[in-house]
Amino acid sequence: MMPVTGSRDVPRSLHLRALVSLVSLVSVSLACLAAGCGPSNPDAATPAASATASAGASGTSAPAASATAGPDVALAPADEEEDEVLGPPKPGVPFRSVPTPGTSPLSVDETLELGQKCKAFTDAVVAEAKENGTHPWPLYDVFAVLANPPQIAGVDVPRCTHLMTRDAVARFADTQEREMEINLRWMVVKLIASLEGGRSSICPSAKPVPAKLREVNKKSYHSTTEDWGSEGWRCLGFDLSDMPQFFQYELRTNSAENSFEVIARGYPVPDGPLTELYIEGKIENGTIDPKKPILRR
C-alpha cells in the first residue's frame, strides 16, 4: 500500500486516494450490505457516536451522531475544546484484532439482517441523503437522514436505524484508520531510508504535530513547514504540510538503544474516544524490519 505523505516527491494524489475512499464510503458500504459482507464482532462495545446505539433494544430511535468535520470543515472552535490528557502507556495489541474504540461492528447475523430485512429502509435513506445532501462527505448526509428516518411500511424502522448507524460508524472508523496505518508505515520506511543514507544511529525524537490533540478533533489541521522543522522530523523527511491532516503524529527514539516508536493519535469515530496506534522497533544489523506490526493501546 502506498503511503499518504506530505513530502514533495509523493504529492496530493495519494491523499486524494484516501479521500475518494471516504467520499465513496456510503455507496460501497451499502453495496456490501446487499451482498451480505462486512466486519463482524458481536461482542464489541456500544459505539459512542452511534445515532441509535440503543434503538434496537428500546424500540425508539435516538438522535443521529454528530459528525466530525469533513475536509476543511470545523464543527467546533478549537478554543472551546480541552485537549485530551494522555495517561501512562498501555500494553499494545495488534490493531486489527480489536474494534476501533467507540464502534460496535455488526455480527454476521446482523449484517444479513440489515442487508435483507432492512433493504427497503437503507435504499430510502441513501436516496434521501443523495437528494438533500450538502456535506462534503456523504456519510454525514446519511446521519442527518437517520436523525429523522423515513417510515417504511412493514419495516422495523428503529431496529434498521440502529443497525445502519452502527455499521456506518464502524466502516467510517475503519476507513479513517487507514490514514494512520499508511502514514505509520511510511514513517518506518523513512527511518530505514535515513539509515541507508549513511546515518549510524536513529533519528532524534520529534514532538507531536499538531502539538494539541484538539486540533484534529472534529476538524482537519493544516500544518506548516515550520511544524515539521525540528531536527527529528527533518532527519525523518516526513512532512504533511501540503494537505489536510486528521491525526497527530509523533516520533520517539532512544539513541542509546537505537530503538523507536512512531505514533498516530486521533478520533476516527465522530465524537468518540481517542485512538492511538503505533509501531515500535529498533535497529538490528544496521537496518529496521519494515514488517513490524501496528499496535493499538
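**Exercise 1. Which side chains meet in a salt bridge at 2.3 Å, N to O?**

Before the solution, a word on the model. It is predicted, so local features need pLDDT of at least 70 and side-chain atom pairs count only at pLDDT 80 or more, while totals for chains, interfaces and linings use all residues. Residues are numbered from 1 along each chain as its sequence is written, and side-chain values use heavy atoms, with hydrogens and water left out.

*Solution.* 
- Step 1: Start with the term: a salt bridge is a side-chain nitrogen of Lys or Arg within 4 Å of a carboxyl oxygen of Asp or Glu.
- Step 2: The pair is glutamate 276 and arginine 297, at 2.3 Å from N to O.
- Step 3: Strands (E, at least two residues) and helices (H or I, at least four) are DSSP runs, numbered from the N terminus.
- Step 4: Check the surroundings, where buried means under 20% relative accessible area, exposed over 50% and partly exposed in between (1.4 Å probe, protein chains only). Glutamate 276 is buried at 11%, and arginine 297 is buried at 15%.
- Step 5: Widen the view: Glu276 and Arg297 belong to a network of salt bridges that also links Glu250, Arg252, Glu261 and Arg265.

**Exercise 2. Work out why strand β4 is largely enclosed by the rest of the structure.**

*Solution.* 
- Step 1: Look at residues 259-266: eight of the eight are buried, so β4 is largely enclosed.
- Step 2: Sort the directions. Ser259, Glu261, Ile263 and Arg265 point one way, and Phe260, Val262, Ala264 and Gly266 the other. In a regular strand the side chains alternate between the two faces of the sheet.
- Step 3: Find the neighbours, remembering that two strands pair if DSSP finds at least two bridges between them. Strand β3 (residues 247-254) runs antiparallel to β4 and is joined to it by eight bridges; β5 (residues 275-282) also pairs with β4 in the antiparallel sense, over eight bridges.
- Step 4: Pick out partners: asparagine 254 has serine 259 as its bridge partner in β4, and isoleucine 263 stands opposite tyrosine 278 in β5.
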